[in-house]
Amino acid sequence: MKSLSRYKIKNPSPAQSLIIYYALAIFLGTLLLSTPLATKGPRLSFLDALFTATSAQCVTGLIVVDTGTRLSMFGQSVVLALIQIGGLGIMTFSVYLFIYLRVGVSLRGRRLIQDTLLHTPMNSWRQLIKGVIFLTLLIEGVGAAVLCTVFVPEQGWLAGTWCALFHSISAFCNAGFSLFNDSLIGYRANPLVNVTVMTLIILGGIGFLVIHELLEFALGRRKKNARMSLHTRLVLITTFFLIIYGTAMIGFLEFDRALAGLPFTEGLWTSLFQSITARTAGFNTIDLNAFAAPTLFLLMILMFIGASPGSAGGGVKTTSLALFFCIFYSRLKGSSHTNVFKRTIPNEAVTKALALVILAIVLIGIALFSLLIAQETTAPMESAGKEFLSLSFETVSAFATVGLSMGATGELTAPGKMIIIALMFVGRVGLLTVAFAIAGRTRRHAPRYSEENVMVG
């Protein structure tokens with residue numbers, strides 16, 4: 001009798017496990033949002049519930065129903081729970097739960113946490129996960145307390161506190177869900193709301209490891225001659241540059257258009273806010289349809305770049321952008337390797353950065369083409385350009401898990417919604433994670449043949 005061992009199902013890889021966990025959370029959220037308890041009035045269709053659950057779990061913020069008016073307190077709570085779980089990562093919650101119950105964590109779980117939160121190995125991974133949970137709750141709590149000073153006097157203690165908590169978690173997790181039907185446009189001139197939300201977005205977008213390292217330096221736990229890791233320096237420099245560049249360009253392009261009727265201070269707040277929120281947060285303090293095409297294209301670039309690795313945000317990540325330009329500069333100098341701040345980047349990281357950017361561009365192109373077909377775009381030439389721009393904006397926003405929209409979300413057909421759902425899922429889980437999950441283990445000893453050159457360019 002032949003052995004049955006060959007027919008055993010292989011254990012899923014960490015990448016496959018992450019996909020399974022996220023899919024299960026979305027499915028559970030869909031079931032809860034489909035119940036009559038989740039809505040005010042008629043219940044959501046299964047597709048709309050699936051879209052909302054995916055958008056919340058993938059911390060995107062694209063909506064087909066208004067969160068504040070259409071969903072009940074229970075429905076809003078489900079959305080907020082999905083945002084929190086998606087922002088931290090389901091495995092972070094799972095490992096913390098295992099630690100709390102004194103249950104051992106498998107090697108697969110450790111590897112998944114390592115890939116999600118760390119760029120270099122650490123021995124104190126349990127302390128790291130506890131620190132992530134504590135730091136997240138602390139930052140969100142402080143943000144909610146500050147926002148309470150604005151929302152409580154306006155809405156009362158119960159509604160104001162809930163509104164502050166909801167927006168604090170949504171901002172830190174870079175989700176962009178809002179209980180106001182115009183997002184934060186009504187608070188465009190409020191410095192306290194602007195500064196609080198922008199700070200939460202930045203902290204949630206630079207990554208937990210960067211925050212941890214900055215706290216280590218701030219509290220004096222590092223030696224005086226210790227330096228920041230290359231990862232942290234690249235994240236901070238790239239983030240600062242993108243914020244300043246985005247603010248300056250939005251102000252320059254729109255000072256005589258969308259910002260023309262605003263006071264200088266309010267226009268500056270608006271430019272700064274949109275520069276920050278475009279990199280995966282999804283809130284807005286101005287109607288995006290008021291922006292000109294060059295500004296919208298700039299926002300698409302910022303959305304495509306996104307946040308930083310190990311954070312709640314999406315996109316191709318700031319470090320990928322930094323490495324991409326470093327690689328380009330090194331090759332122009334004729335160097336066969338990539339150096340940054342007197343450090344040499346491993347070839348594996350270089351390959352991943354290039355692969356991620358290329359895969360992202362290809363995926364967005366395929367998704368946009370499919371979306372144009374699904375939406376049955378047959379508009380006359382004079383309006384086809386605007387519709388193409390709107391769907392392009394929607395596609396990049398979904399992939400980068402941003403949530404900004406020019407209004408195309410509410411016009412999506414059923415096939416169009418399914419395309420955006422798939423795009424949000426892939427954008428959150430990660431292109432490389434999906435690629436590794438499909439391909440399985442990397443072939444360390446792939447065959448190598450004789451070289452033969454081809455013409456390039």
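Modeller: Glycine 427 is buried, its relative accessible area being 9%. This is a predicted model, in which local features need pLDDT of at least 70, side-chain atom pairs count only at pLDDT 80 or more, and totals for chains, interfaces and linings use all residues. Residues are numbered from 1 along each chain as its sequence is written, and side-chain values use heavy atoms, with hydrogens and water left out.

Biologist: Why is glycine 427 called buried?

Modeller: Buried means under 20% relative accessible area, exposed over 50% and partly exposed in between (1.4 Å probe, protein chains only). At 9%, glycine 427 is therefore buried. Glycine 427 lies in helix H17 (residues 414–429), where helices are DSSP runs of H or I with at least four residues, strands are runs of E with at least two, and both are numbered from the N terminus.

Biologist: Which residues does glycine 427 touch, not counting residues up to four places away in sequence?

Modeller: They are Phe399 and Thr401, a contact being heavy atoms within 4.5 Å. The C-alpha atoms of glycine 427 and alanine 398, 29 residues apart along the chain, are separated by 7.3 Å.

Biologist: What makes leucine 32 partly exposed?

Modeller: Its relative accessible area is 32%, so leucine 32 is partly exposed. Leucine 32 belongs to helix H1 (residues 14–33).

Biologist: How do you know that the span of helix H14 agrees with expectation?

Modeller: The expected span is 1.5 Å times one less than the number of residues. For the 15 residues of H14 (residues 318–332) this gives 21 Å, and the end C-alpha atoms are 21 Å apart, so the two agree. Just after H14, glycine 334 has a positive phi of about 85 degrees.
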